[in-house]
Every structure is written in C-alpha cells, then in structure tokens.
Amino acid sequence: MEFLMWLESTDLSTWIRESSSLWAYPAILIAHTIGLGYLVGINAAVDMRLLGLSPGLPIEPLRHFFKYIWWGFWINAISGLLLVTRDPVNVFKNPAFPIKMLLIFIAVYILSRLGKAVASSSVESGPVPSNLKWMAALSAFCWLGAIVAGRLMAYVAPRPGLG
Amino acid sequence: MPYIESFSTWLMGTQFSKMVTLYPWVWPLSETLHFIGMSLLVGVIGILDLRMLGVAKRLPIGPLHDMVPWGIAGFVINLITGFTFYAGDPFQYIHNPAFWWKMGFIAVAGLNILAFYLFVYNKVARLGPGEDCPAAARAVGAVSLFLWCGVMYFGRMLPFVGS
C-alpha cells in the first residue's frame with residue numbers, strides 16, 4: 001500500500017493522470033487497445049484452427065504468427081503497467097483487477113505452451129490431439145474473460161474516472 | 001449534414017435509444033462485446049493480411065480465407081454494438097471529428113476489401129504452400145493492416161476529442 005501511494009506521487013503517475021496531452025493517457029489507451037486486438041485476435045484465430053475450424057490448414061506454420069501475438073502482449077504489458085501507474089491505489093482496490101490478472105496469467109502461460117506445441121506439430125490437416133484442443137479452448141475462454149474483467153474495471157472502480 | 005441531424009433527433013426519440021440510457025448494463029455490455037468483436041475482426045483479417053505479406057508462407061490461402069466469416073461476425077457484432085452507442089447518445093458522435101475519421105477509415109477498409117475480391121482473391125485462393133503473393137495482394141494486405149489500426153486509433157480517441 002505504501003508502495004502504491006508512493007507510485008501515485010511520482011511525476012510519471014501525475015503526468016499520465018493530469019496531462020492534457022494526447023501523448024499521455026489517450027496514447028497509452030490506444031496502444032492498449034491495438035495491442036489487445038492483435039494479442040487476443042491472432043491468438044483466437046490460432047485457437048479456432050486448433051478447435052477444428054479451417055481443417056485444411058497445417059499447424060506448424062502457424063508458429064510464425066506467435067511473434068505478432070507476443071508483440072501484442074508486450075505492448076499491453078507496458079501500456080498496462082503505465083495504466084496502473086496512473087492510478088495505482090484504486091486499481092489495486094478494484095475487484096475486477098485481480099480477476100483480469102489471473103485470467104491473463106493463465107492465458108499467457110497457455111500461449112507459451114501452445115507456441116511450443118504448434119511449432120512441433122506434425123498435423124498437416126484435420127483434427128489436432130485433444131490436449132491441444134483443450135488448451136485452445138481454455139485460451140479462448142481466458143482471453144474472453146480478461147476482456148470482460150478489463151472492461152468491468154471501468155464500472156466497478158472505487159471511484160469514477162478509471163475509464 | 002441536415003439529414004444526419006434530423007435522423008439523430010428522430011433516433012433519440014425511439015424506444016431503442018431510451019433503452020440504451022435507461023438500463024445501466026446496456027452500455028458496459030455493448031463495450032465489452034465491441035472489444036470482443038474488434039479482436040475477432042482484426043485477428044482473422046490480420047493473419048490473412050500477414051500471409052499475403054509473406055508471413056507463414058507454408059499456409060495455403062484458400063483454407064486460411066475460410067476463417068473470414070468469423071472476422072465478418074466480429075464486424076457485425078461491432079456494427080450492432082456501435083449503433084447502440086450512437087443511438088444512446090447520437091449528438092456526442094456526429095459532432096466529433098474522431099467519429100467521422102473512424103467511419104471514413106471503415107469505408108476505405110470496405111473499398112479495400114472490394115479490391116481484394118475484385119483483383120486479388122482469384123489469384124491468391126489457389127496459391128499453395130510456400131508460394132509468394134502478387135504485388136497487388138501484398139498492397140491490399142498492408143493497406144488493410146494500416147486501415148484497421150487507424151479504425152482502432154480513432155475509436156479510442158473518441159472520448160478525448162470533440163466534446
């Protein structure tokens with residue numbers, strides 16, 4: 001708690017919170033949104049193939065898309081840290097925040113496992129082994145839940161203005 | 001824009017518009033769905049764009065293109081939820097330059113998709129694993145990635161410009 005209060009008193013936190021510059025809060029939110037689109041979107045597309053969609057696609061070449069998924073992840077990890085820095089005490093009081101973090105933690109763990117499984121897959125067409133299917137289903141579920149929890153954060157905040 | 005003004009005034013008097021502002025769950029639910037639809041759209045369209053640009057070349061384009069209906073589903077979700085926002089508070093949008101930029105980018109993205117089906121699709125649909133896409137396909141892919149990023153950019157800018 002002391003750390004969070006200290007963080008809130010830093011110049012960086014104050015700047016993100018109070019600056020009227022479009023490079024402060026708006027730019028961080030834009031990065032977080034575009035990162036979300038590609039992180040979750042491309043991951044979801046890979047999940048959909050593993051779940052049986054477009055059975056004509058070989059699995060192994062999908063590994064090339066993981067680079068872009070990870071780009072989305074790192075953009076969102078950094079922009080997310082800055083969003084927490086903006087209002088740390090309230091973010092940590094927000095009941096939706098730990099749920100969002102837990103779901104992201106699981107989804108990212110699956111993402112790293114999925115990356116290895118896809119790169120070593122010999123499936124050229126048709127269904128994938130059921131353990132891969134389960135990972136894909138859990139991945140899609142966790143990302144959906146993370147989006148729901150993330151959006152909810154703006155509505156269950158201890159005080160308004162966390163949009 | 002007298003037509004848009006009068007349409008907006010009429011829309012605000014409808015039961016649908018009243019419902020959006022009356023029930024506190026309509027807006028957050030629509031926002032959440034808007035983010036999910038956005039991810040589906042940019043993820044599915046994004047991997048097709050990346051493949052045309054030369055990423056994951058071992059993927060045949062025909063089966064990859066089979067995922068497009070899911071991208072369209074994302075777009076339809078966003079059309080419905082986006083219209084819900086507009087119906088709830090039309091004048092917040094029609095006087096906001098970011099809104100018109102966003103609509104403009106979506107319109108040009110639509111023309112780009114038209115160009116894809118008119119000039120590119122027949123050439124790339126039969127491309128097998130490992131084959132390079134023609135220059136027109138690479139151009140359409142790059143333009144698509146740029147435009148959808150622009151749509152997300154102006155969408156997230158909406159609350160920060162105008163009123």
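Over all chains, this predicted model holds five salt bridges. Three salt bridges are found across the interface of chain B and chain A. One salt bridge pairs Glu124(A) with Arg58(B), and the closest N and O atoms of the two are 3.2 Å apart. Where in the two chains do Glu124(A) and Arg58(B) lie? Glu124(A) is in the loop between helix 6 (96–119) and helix 7 (130–152) of chain A, while Arg58(B) is in the loop between helix 3 and helix 4 of chain B, so the pair joins two chains. Another salt bridge brings together the side chains of Glu31(B) and Arg151(A), at 2.7 Å from N to O.

Chain A has seven helices and zero strands, and along the sequence its pattern reads α-α-α-α-α-α-α. The C-alpha trace of chain A spans about 55 × 30 × 25 Å along its principal axes. Chain B has eight helices and zero strands, which gives the pattern α-α-α-α-α-α-α-α when chain B is read along the sequence. For the C-alpha trace of chain B, the spans along the principal axes are about 55 × 30 × 25 Å.

Within chain A, one pair of helices can be followed in detail. Helix 3 (residues 25–50) of chain A packs with helix 4 (residues 63–86) of chain A at an angle of about 145 degrees, and their axes are 8 Å apart. Is the crossing of helix 3 of chain A and helix 4 of chain A left-handed or right-handed? The crossing of these two helices of chain A is left-handed. In the contact of helix 3 of chain A with helix 4 of chain A, 17 residues are nonpolar, seven are polar and one is charged.

The next step is the interface between the chains. Here 32 residues of chain B are in contact with 34 residues of chain A. Together, chain B and chain A bury about 3,200 Å² between them, and 79% of this area is on carbon and sulfur atoms. Which three residues supply more than any other three of the area that chain B buries against chain A? They are Arg58(B), Met67(B) and Arg156(B), which supply 20% of that area.

On the side of chain B that touches chain A, the elements that give two or more residues are helix 3 (26–52), helix 4 (61–65) and helix 8 (135–157) of chain B. Helix 3 of chain B gives the most to this side, with 14 residues. By type, the residues on the side of chain B that touches chain A divide into 25 nonpolar, three polar and four charged.

Key:
Residues numbered from 1 in each chain as written. Chains lettered and ligands numbered in written order. Predicted model: local features only at pLDDT ≥ 70, side-chain atom pairs only at ≥ 80, totals over all residues. Heavy atoms only, no water. Axes fitted to C-alpha atoms, helices over the stretch in contact; angles between N-to-C directions. Helix = DSSP H or I, 4+ residues; strand = E, 2+ residues; numbered from the N terminus. Left-handed = near helix turned anticlockwise from the far one by under 90°. Nonpolar A, V, L, I, M, F, W, Y, C, P; charged D, E, K, R; others polar. Contact = heavy atoms within 4.5 Å. Buried area = accessible area lost by both parts, 1.4 Å probe. Salt bridge = Lys/Arg side-chain N within 4 Å of Asp/Glu carboxyl O.
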